[in-house]
There are 2 protein chains.
Amino acid sequence: MAKKKISIKDIAKSLGISITTVSFILNGKAKEKRISEDLTKKVEEYIKEVGYKPSHLAQSLRLGKSKVIVFMVEDISNQFFASIARKIEEKAYKNGYKIIYCSTNNDPEKAKALIETFKVRSVDGFIITPTPNLESTITDLVDEDFAVLLFDRWIPSIDCNYVIVENEKSAFEATTHLINNGCNKIGFITVESDQIQMNDRLKGYTKAMEVHGFPKDILMLPFQNPVDQGLSYKIQLFLQKNSELDGLFFATNYLAFEGLQALNTLKKRIPNDMLVVSFDDHYFFKLFQPNISAIEQPLEVISQKLMEGMLMMLDDQIADKQGFRIILPNTLHVRESSDAKK
Amino acid sequence: MAKKKISIKDIAKSLGISITTVSFILNGKAKEKRISEDLTKKVEEYIKEVGYKPSHLAQSLRLGKSKVIVFMVEDISNQFFASIARKIEEKAYKNGYKIIYCSTNNDPEKAKALIETFKVRSVDGFIITPTPNLESTITDLVDEDFAVLLFDRWIPSIDCNYVIVENEKSAFEATTHLINNGCNKIGFITVESDQIQMNDRLKGYTKAMEVHGFPKDILMLPFQNPVDQGLSYKIQLFLQKNSELDGLFFATNYLAFEGLQALNTLKKRIPNDMLVVSFDDHYFFKLFQPNISAIEQPLEVISQKLMEGMLMMLDDQIADKQGFRIILPNTLHVRESSDAKK
DNA sequence: TTGAAAGCGTTACCAT
DNA sequence: ATGGTAACGCTTTCAA
C-alpha cells in the first residue's frame, strides 16, 4: 500500500533533467541560478502533482543541522513545565523546529545520559532545567557549539545563557507582604535540594525576616519524586511544633497543596488563624476556599524569551553566544488567604 | 572549541583498517564475520578512547528508521496528557526511542499539518489522540506503513489500532452510583464536541437514567481552548434553571473544577444539597473539601499498553498491524462528595 | 542556463 | 578474516 517515496532523483529522471536543477528550484535559487521560468514552473507543478516532500533526514545529514530542539526539564508532567512546553512547542513549529522532550527527574546521571544521547549530532539546541552537578556537561555542550539555554534555574559557576525569574526578590516581597498584614512568626516550607531557584526563594524570605528582626522557622522537606504521601503529615508535625506561627510561605505550589491539607487536618482556619502565600501560582489556588495568594511566574514571557534566545543562538545572531541572560519579574497575587482584613 | 566530530572513517584511517571492519565490530557482528579478537578489542578500546558515538542521522538515513515516535495529543499541558507523556517517554528511552510531542488543540487542520510534517520520512511511529475529520489522514498513515496507535479516543470507521478506556461503562457506573445514593435528578455537564470518548460518557449517563426512568438534564458547554472564564457562570445558570437537581456528573475534571466554583457561588453544599462525581480523577479531588468522587483512568496501564503496542508494531510483531485494540477498565473512587450518609 | 560529481556518516552486499 | 564500494537523499562547487 505504501506510496512509493519519491526523491529528487525520481523527479529529475521523470522530467529528464538533472538533480541539481531540481534542487536549485526547490531551494528557491531558480532565479539566482538563472533557470528558465518555463522549467521552473514545470518542475514546481510536477512537484505539487506527485506531492514530493524533501527528506529532512538527508537534509540534516548534509547540512549538519537537524531543526530539532531538546526540551529537558525536571518533570514534563509538572504543570509548570507542561505549560511552558506547550507554549514553546507552538513557537518552535512556527519556525520550522521540532521539540523533543525529556524529564531528568532532577537526577544528574539521567540528565547526563540524556544529553549524551542527544549530543550525537542529531540535535541543534537544548533548553534545560539543570540538575545539580551538571556544570561540566553543560560547559562541554556549549564548547561543542550547541545552542544551550538554561531556564527555571541557572548555574552561576559557568558561562551559559539563561532565562529565569526574580526568585529572591519575589520571595522577599511575599514575605514582606505577610509581615505588613500582621505576621511576625512566618514559617517557610521548602524542599531540601541544591536547586538554585529554591535557595534564592529561601534567601528572599530570610532577608525579609532579618530586616524586621523576626525569628525564622524553616521546614526543609526531603526532595522526592513522585511527591510522597507523608509530606502533608510532616508539615502537620512542623505546624504542631511551631504552634505560634501566624503565617506560612510555601516555596512552590505542590508544597502548598500538601500544607493546605495539613492545615485542614489541624482545623486551622485561613486567614483567621494563619495567613498563607505560595510561590508558583496555580489554577487551583483561585478555586480553593479561601483563595490562596501566590506568586505567578510569567509563563508566556518565559516561553517567548526562551524561543527568542534559542532562535538567535541557532542563527548565530548572538556574537559570543553568551549575550542572552534574562531575568524576569513575577507577579504577586494577593487573595483571601493573606488578607488580614477578611 | 568544538571537539572534532569523529566518524567511522576516521577510526578506520587511524587504525589502518577498513570502514567495513569497524562497522561490523560496532554492530556486534565481529564474531559472525569472524573478525579476530585482537582487532575487535583494539577497535573497541580505540572507540572508547576517542569517545566515538555513531551518527543517528546517518543511521536513520541508511536504515530508513529514525527511532522517533510522535506523541500527538490535544494539549500537552493538560494534566492527563502530560502524565501519559511522562510515562511514555520513560519507556521509550529505555527502548532506544525518542519522543517528539505536539498539541493539536483539537484542530483538524493543525493535526493534518503536523502529521504531514512528520510523515516526511523522519519518524517511525505515531501515538495520536485524533481530532475530528482525521479519518483519511490516519488511514493514509497506516497505508504508508507507519506504526499508528490511537488513544484516549478512537475512530470507529477506520481500521487502526488503539488503546482506550471503558468510557460508557464507567459513566454508567458512576451515574448508577449516584442513583443508589438517592439521586433521581442528575445533571450531566459535558462539552460540545464530536469527541467519541465524550459521546460515550454521555451514553453511559443516558443509559443509566433511562434504566431508572429518570429525566435527563444535560448541559453541553461550548468547546474551547483555553478554558473560558465564563464556563463557571454558564454552569451556575444551568444550576439555577434546574434547581431541583440533586446530583451532578461532570464529564471531565476541568468541567468539575468550574462546576465546583459555581456550586460554591450558589452556596450549595456538597454532599448535603448536591452529590457530585466527575470523570478523570485528579490530585485536587482528594485535596478539595469535601473530597470529590471521581473515575480514575489507569494512567500507568494506558502508557504501558501504548508503548507495548507501539514497539510491537515497530518490530513488525503484529502480523497485519491491526491486532492491537485495547480497552481498559477505570476505577470509580467514591469519596465524600457522593456519599449520602455523610 | 544546466549538469556532474563530491560528500555528509552509515550499512551491507560482494569480493578477496 | 577483512576490504571496497554502492546506496540512503540531499546541497553545492565547479565545469560546461
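Me: Which residues come nearest to DNA strand D?

Reply: A residue is near a molecule or strand if its C-beta atom, placed from the backbone, lies within 6 Å of it. Of the 28 residues around DNA strand D, those that come nearest are A:S7, A:A58, B:S18, B:T20 and B:R34. This is a predicted model, in which local features need pLDDT of at least 70 and side-chain atom pairs pLDDT 80 or more, while totals for chains, interfaces and linings use all residues. Residues are numbered from 1 along each chain as its sequence is written, with chains lettered from A and ligands numbered from 1 in the order in which they are written.

Me: Which helices supply at least two residues each of the surface near DNA strand D?

Reply: Helices (H or I, at least four residues) and strands (E, at least two) are DSSP runs, numbered from the N terminus. Here α2 (19–26) and α4 (56–63) of chain A do so, together with α2 (19–26) and α4 (56–63) of chain B.

Me: How do the residues of that surface divide by class?

Reply: Ala, Val, Leu, Ile, Met, Phe, Trp, Tyr, Cys and Pro count as nonpolar, Asp, Glu, Lys and Arg as charged, and the others, Gly among them, as polar. The surface near DNA strand D has 13 nonpolar, 10 polar and 5 charged residues.

Me: What is the strand order in the open sheet of chain B?

Reply: Two strands pair if DSSP finds at least two bridges between them. The sheet has 6 strands in the order β7-β6-β8-β9-β10-β12, with mixed pairing. At its edges are β7 (217–221) and β12 (331–333) of chain B, each pairing on one side only. Within the sheet, β6 (residues 186–191) and β8 (residues 247–250) of chain B pair in the parallel sense over 4 bridges. B:F188 has B:F249 in β8(B) as its bridge partner.

Me: How many helices and strands are there in chain A?

Reply: Chain A has 13 helices and 12 strands. Its C-alpha atoms fill a box of roughly 85 × 40 × 35 Å, taken along the principal axes.
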